[in-house]
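This report goes through a structural model element by element. Please keep the sequence and the model open while reading.

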Amino acid sequence: MHIKKLTLYSFRSYLNESIELSPKVNIFVGDNGAGKTNILESIYSLASTKSYKNKDEDMILEGKDFFKISSEIEFENRIDTLLFIMSRQGKKVFKNNVEVKKISEFVGNLNVVLFSPEDLFLLKAGPSERRKLIDLSLMQISKKYVEDYQNFKKQLKLRNDYLKYLYPKLKDGESIEDEMLGILTLNFININKLIFEARENFLKRLEEYTKQSYKELSGTNDDISFVYETNFDSSMDFFKEKYQSDIINGSTQYGCHRDDVRFLRNGIDLESTASQGELRMLSLSIKIALSRMIKDMKKEAPVVLLDDVLSELDINHQNRLLSMLDKSMQIIITTTDILKINQSSIKNAKLFKVEDKHVKEIQNGR
Ligand SMILES: Nc1ncnc2c1ncn2[C@@H]1O[C@H](COP(=O)(O)OP(=O)(O)OP(=O)(O)O)[C@@H](O)[C@H]1O
Ligand SMILES: [Mg+2]
């Protein structure tokens with residue numbers, strides 16, 4: 001799978017821009033703020049219908065009412081067109097000119113794995129960033145997860161709203177017997193079980209792939225392992241015990257919305273011990289693992305987006321990283337300085353200059 005053509009209309013800094021990409025390596029060069037990341041974000045949001053940076057609405061060019069991202073995605077024996085339109089009223093997605101009513105049917109048509117400078121903070125950031133990585137990855141792999149996740153969010157909100165409604169009715173020391181809360185809790189537990197199982201399975205598989213990729217990238221024999229942490233308990237009695245404190249808090253305190261994952265090297269928590277370089281190695285290994293896993297599961301290589309990460313690595317690690325990515329993968333790289341990238345790996349790349357809110361092709365790759 002690769003993106004053949006990408007057209008952006010009123011997306012971030014672009015008014016109307018059309019780009020023809022190489023099926024292999026593409027490099028976007030430009031100064032800080034030129035609009036390189038915006039291009040990768042447009043691809044990412046075409047795949048996921050979400051921004052990975054901030055509010056989805058922020059992707060609309062200032063002063064405009066909507067954006068449009070259209071694309072031609074080439075497979076071995078066909079070309080699909082994917083179109084994502086977002087206005088302040090909502091989102092619409094189209095495949096081959098037919099509107100796809102369910103987002104879950106659209107996500108997964110284009111698979112991408114993004115390597116971004118923020119990945120470095122994956123370990124240091126809060127749990128929500130790590131959950132985002134799990135959720136967005138799972139959504140690409142499983143349509144069912146997209147639906148389950150939407151349902152999970154809905155059930156959580158319904159329960160939280162009801163907890164807030166109950167607060168003024170709460171009487172000191174009295175046990176809470178509320179039929180509606182019972183129903184909402186049961187629904188929440190049931191959808192939670194699905195999310196828990198999906199995340200647990202996903203993390204087990206990703207862990208296996210990461211063990212391998214970390215060894216390859218670091219050139220060590222270190223053993224990486226994941227610990228999935230959840231405070232979810234599927235018993236109704238457990239939730240009943242928490243009714244009172246949930247109502248006082250005005251929110252559900254137990255469930256997969258509080259999940260986290262920790263990363264260990266040779267059994268020791270990396271968060272507190274790893275150096276900058278080791279953190280980078282781990283986050284890159286996870287992303288390589290993810291791209292391999294997606295390829296194996298979907299029988300189709302994902303598009304790899306490397307936002308500013310290559311220039312941070314020494315030539316040795318650049319080469320290792322690029323050689324670990326599957327030869328069939330389309331790779332899109334951004335950099336401020338082309339000289340920081342190993343010249344031999346960009347020999348055949350298609351090169352673009354990003355300047356004055358436009359993209360100009362300066363070298364056609366083979
Ligand atoms: N909704 C929007 N409307 C108009 N301009 C926007 C919008 N969102 C972002 N921009 C502009 O896009 C530019 C940033 O683009 P981008 O992040 O792609 O730069 P970059 O080339 O990746 O820079 P760096 O090298 O610093 O990472 C900023 O000038 C910002 O003001
Ligand atoms: Mg950038």
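## Conventions

The model is predicted: local features need pLDDT of at least 70, side-chain atom pairs count only at pLDDT 80 or more, and totals for chains, interfaces and linings use all residues. Residues are numbered from 1 along each chain as its sequence is written, while chains are lettered from A and ligands numbered from 1 in the order in which they are written.

Helices (H or I, at least four residues) and strands (E, at least two) are DSSP runs, numbered from the N terminus. Two strands pair if DSSP finds at least two bridges between them.

## The six-stranded sheet

An open sheet of 6 strands has the order S2-S1-S4-S5-S6-S7, and its pairing is antiparallel. At the edges are strand S2 (14-20) and strand S7 (98-100), each of which pairs on one side only. On average, neighbouring strands in this sheet are turned by 20° against each other, direction ignored. (Axes are lines fitted to C-alpha atoms, for helices over the stretch in contact, and angles run from 0 to 180 degrees between N-to-C directions.)

Strand S1 (residues 2-11) is joined to S2 by 6 bridges, and the two run antiparallel. Lys5 stands opposite Glu20 in S2. Helix H1 (residues 36-48) lies across S1, S2, strand S4 (66-74) and strand S5 (79-87), and runs at about 105° to S1.

## The three-stranded sheet

Another open sheet has 3 strands in the order S9-S10-S11, with antiparallel pairing. Its edge strands are S9 (224-229) and S11 (268-269), each pairing on one side only. Between S9 and strand S10 (residues 260-265) there are 6 bridges, and the strands run antiparallel. Phe226 has Phe263 in S10 as its bridge partner.

## Strand S3

Strand S3 (residues 25-29) is largely enclosed by the rest of the structure, because 5 of its 5 residues are buried. A residue is buried if 20 or more other C-beta atoms lie within 10 Å of its own, exposed if 12 or fewer, and partly exposed in between, with C-beta atoms placed from the backbone. Both faces of S3 are covered: Val25, Ile27 and Val29 are buried on one side, Asn26 and Phe28 on the other.

S3 runs parallel to strand S13 (residues 331-335), with 5 bridges joining them. The partner of Val29 in S13 is Thr335. S3 also runs parallel to strand S14 (residues 350-355), through 4 bridges. Here Phe28 stands opposite Phe352.

## Helices H3 and H4

Helix H3 (residues 127-141) packs against helix H4 (residues 143-166) at an angle of about 135°, with the axes 5 Å apart. H3 is therefore oblique to H4. Angles under 35 degrees count as roughly parallel, over 145 as roughly antiparallel, 65 to 115 as roughly perpendicular and the rest as oblique.

Asp135, Leu138 and Met139 in H3 meet Tyr145, Val146 and Tyr149 in H4; contact requires C-beta atoms, placed from the backbone, to lie within 7 Å. By class, this contact has 5 nonpolar, no polar and 1 charged residues. Ala, Val, Leu, Ile, Met, Phe, Trp, Tyr, Cys and Pro count as nonpolar, Asp, Glu, Lys and Arg as charged, and the others, Gly among them, as polar.

Gln212 is found in helix H5 (residues 179-218). Gln212 is partly exposed, with 15 other C-beta atoms within 10 Å.

Notes:
Contact = placed C-beta atoms within 7 Å.
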